[in-house]
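Thanks for asking me to look this one over.

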Amino acid sequence: MPEEKLIFEKVVDKSALTDGITIPLAYHDMMYSHLSRSLEHGESMPIQITMNGINYTVQLRNQGFDTRKFNHKDILQIRYSRNSPFATALRKVFNRTSERVEQHAETRTSRERLIIPAKEQEYIMFYAVTGEQSVMLDPVTNGDISQEMDQLARFPEMQIEEMLSGDETAGYDEKMRLTKIRRMNHAIGDSLKQLYGYRCQICGAYIGEAYASRVIHAHHIDYFSRSMNNDASNIMIVCPNHHAIIHDRNPEFNEKDKTYRYPNGYVEGLALNKHL
Ligand SMILES: [Zn+2]
Ligand SMILES: [Zn+2]
């Protein structure tokens, strides 16, 4: 099997089901290097996306904007029309989010942004397949997650994280089918660990350095067993010491200033943060 590398991950939203997917800035280079070319402002190119064994042609577009007027960064998007085979296939695969979007459009509050609770989120995983110019899309539906969550319910949180992010399959029942979330979690964890150079986001230490070891953990800020939230925005890279302390004391994470407050009053911020 060819090797797959995660390009980026995205929570399925209304836009993805109708007209396009914006690629997070941190992943533009990854996308360009996989395609062996980049795009100027206003430039587009066709790309192939494979989903469930079917190939779709869509446009990759670097949105043009007046750089004299606007100072923002590049907006790189995968574009398609509402009636394209790709959009139709996405609505079928992600029927749960699709229904939710439709319901939302019918309500009086439809002008407000649709917020999907973490437990109901569905995910698009984009993988680069080596040796191929196309991108592979692995859909992770809410059904996939809840099915696999049922098998995890009996384990403590830290063990769940270990099972999901580790390379080892030892230590838990081999018969468990954690294919979807395990692959997803592993891929996101790995890309974030690389992003931080195997350093702890809390203390900044690269504890494996002297040993040429890459030991570092991927922690779910809102516990995965509770939130089922596997988006990168809910994952923090921490050293094993900080990880153990977090699970021992259950500090509260303040989203605003990105600090942990411990039950004894101790407050600790992040030494490193590129994605939260
Ligand atoms: Zn640490
Ligand atoms: Zn954890």
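The points below go from the ground rules to the domains, the sheets, the core and a few single residues.

1. **Ground rules.** This is a predicted model, in which local features need pLDDT of at least 70, side-chain atom pairs count only at pLDDT 80 or more, and totals for chains, interfaces and linings use all residues. Residues are numbered from 1 along each chain as its sequence is written, and chains are lettered from A and ligands numbered from 1 in the order in which they are written. Helices (H or I, at least four residues) and strands (E, at least two) are DSSP runs, numbered from the N terminus.

2. Across the boundary, 9 residues of domain 1 are in contact with 12 residues of domain 2, where contact requires C-beta atoms, placed from the backbone, within 7 Å. On the domain 1 side, β1 (4-11) and β6 are the elements that give two or more residues, and β1 has the largest share, with 3 residues. That side holds 6 nonpolar, 1 polar and 2 charged residues. Here Ala, Val, Leu, Ile, Met, Phe, Trp, Tyr, Cys and Pro count as nonpolar, Asp, Glu, Lys and Arg as charged, and the others, Gly among them, as polar.

3. **The seven-stranded sheet.** An open sheet of 7 strands runs in the order β1-β6-β7-β3-β4-β5-β2, with mixed pairing; two strands pair if DSSP finds at least two bridges between them. At the edges sit β1 and β2 (20-23), each pairing on one side only. From one strand to the next the twist averages 30°; axes are lines fitted to C-alpha atoms, for helices over the stretch in contact, and angles run from 0 to 180 degrees between N-to-C directions. β1 and β6 are joined antiparallel by 7 bridges, and Lys 10 has Ile 124 in β6 as its bridge partner.

4. **Helices on that sheet.** Helix α2 (residues 28-35) packs against β1, β2, β3 (44-51), β5 (76-79) and β6, and its direction makes about 135° with that of β1. Helix α3 (residues 85-93) packs on β3, β4 (54-62) and β7 (135-140), at about 110° to the direction of β4.

5. Buried means 20 or more other C-beta atoms within 10 Å of the residue's own, exposed means 12 or fewer, and partly exposed is in between, with C-beta atoms placed from the backbone. The largest core has 49 residues, of which Ile 7, Ile 124, Met 125 and Phe 126 touch the most other members. Strand β6 (residues 123-129) contributes the most, 6 residues. Both domain 1 and domain 2 supply residues, so this core lies between them. Beyond four places in sequence, the contacts of Met 125 include Leu 6, Leu 137, Met 184 and Ala 187.

6. **Residues to look at.** Which residues other than glycine have a positive phi? Asn 52 is one of them, with phi near 45°, and Met 228 is another, with phi near 55°. Asn 52 lies in the loop between β3 and β4 and counts as exposed because it has 10 C-beta neighbours inside 10 Å. Met 228, in the loop between α8 and β9, is buried, with 22 other C-beta atoms within 10 Å. For background, most residues other than glycine have a negative phi.

Conventions:
Core = buried A, V, L, I, M, F, W, Y, C linked by C-beta atoms within 7 Å. Domains from an automatic or database assignment. Contact = placed C-beta atoms within 7 Å.
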